[in-house]
Amino acid sequence: MNVAHTFDGLVEMQKAADEAHGRVLELQDTYGRPTVTPWLPEQTEAYEKAWKHWRKLAGDVQAAVTTHAKGEDKPRFEVEVTVRTTARHPEAATA
């Protein structure tokens, strides 16, 4: 599936992936290390679901950044850094 993404769309995708990653970290903090205190089956299921969701969103962002960079004839790394910076520090993008 070859879908063109706008820069703003990439930023929104990155924000969603970052939010999903935050949820994974939140669950880790809440549940503790499973090697120290075993998780209940419900905790394991919630964590795995959150982790899979984050990884899917992160993969989607990576693929979209690659497509966008090729379409704009820009270095992929440059596009990725700009997207991440804009998503995580929007005040820097408008300065």
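Reader: Which residue does glutamate 12 form a salt bridge with?
Author: Glutamate 12 pairs with lysine 15 in a salt bridge, and their closest N and O atoms are 3.5 Å apart. Note that this is a predicted model.

Reader: Where do glutamate 12 and lysine 15 lie?
Author: Both are in helix α1, which covers residues 7-31. They are 3 residues apart, about one turn of the helix.

Reader: Is glutamate 12 buried or exposed, or something in between?
Author: Glutamate 12 counts as partly exposed because its relative accessibility is 47%, and partly exposed runs between under 20% for buried and over 50% for exposed. Lysine 15, at 34%, also counts as partly exposed.

Reader: How many salt bridges does the structure hold?
Author: The structure holds 6 salt bridges.

Reader: Which residues are linked in a network of salt bridges?
Author: Arg76, Glu80 and Arg84 are linked in such a network. The side chains of arginine 76 and glutamate 80 meet at 2.8 Å, N to O. Those of glutamate 80 and arginine 84 meet at 3.0 Å, again N to O.

Reader: How many residues apart are arginine 76 and glutamate 80?
Author: They are 4 residues apart in helix α3, so about one helical turn separates them. Glutamate 80 and arginine 84 are also in helix α3, 4 residues apart, about one turn of the helix.

Reader: What about accessibility, is glutamate 80 buried or exposed?
Author: Glutamate 80 counts as buried because its relative accessibility is 14%, and buried means under 20%. Arginine 76 counts as partly exposed at 27%, and arginine 84 counts as partly exposed at 31%.

Reader: Back to arginine 76. Which residues is it in contact with, leaving aside neighbours within four places in sequence?
Author: Arginine 76 is in contact with Gln62, Val65, Thr66 and Ala69. With glutamine 62 there is a polar contact between the two side chains, at 2.4 Å. Arginine 76 itself is in helix α3, residues 76-88.

Reader: New topic: where does histidine 68 lie?
Author: Histidine 68 is in helix α2, residues 41-72. It counts as buried because its relative accessibility is 13%.

Reader: What does histidine 68 touch, not counting residues up to four places away in sequence?
Author: Histidine 68 touches His5, Thr6, Phe7, Leu10 and Val79.

Conventions:
Residues are numbered from 1 along each chain as its sequence is written. This is a predicted model: local features need pLDDT of at least 70, side-chain atom pairs count only at pLDDT 80 or more; totals for chains, interfaces and linings use all residues. Side-chain values use heavy atoms; hydrogens and water are left out. Helices (H or I, at least four residues) and strands (E, at least two) are DSSP runs, numbered from the N terminus. Buried means under 20% relative accessible area, exposed over 50%, partly exposed in between (1.4 Å probe, protein chains only). Contact means heavy atoms within 4.5 Å. A polar contact is a pair of N or O atoms within 3.5 Å; within protein, one must be able to donate a hydrogen and the other to accept it, and residues adjacent in sequence count only if both atoms are side-chain atoms. A salt bridge is a side-chain nitrogen of Lys or Arg within 4 Å of a carboxyl oxygen of Asp or Glu.
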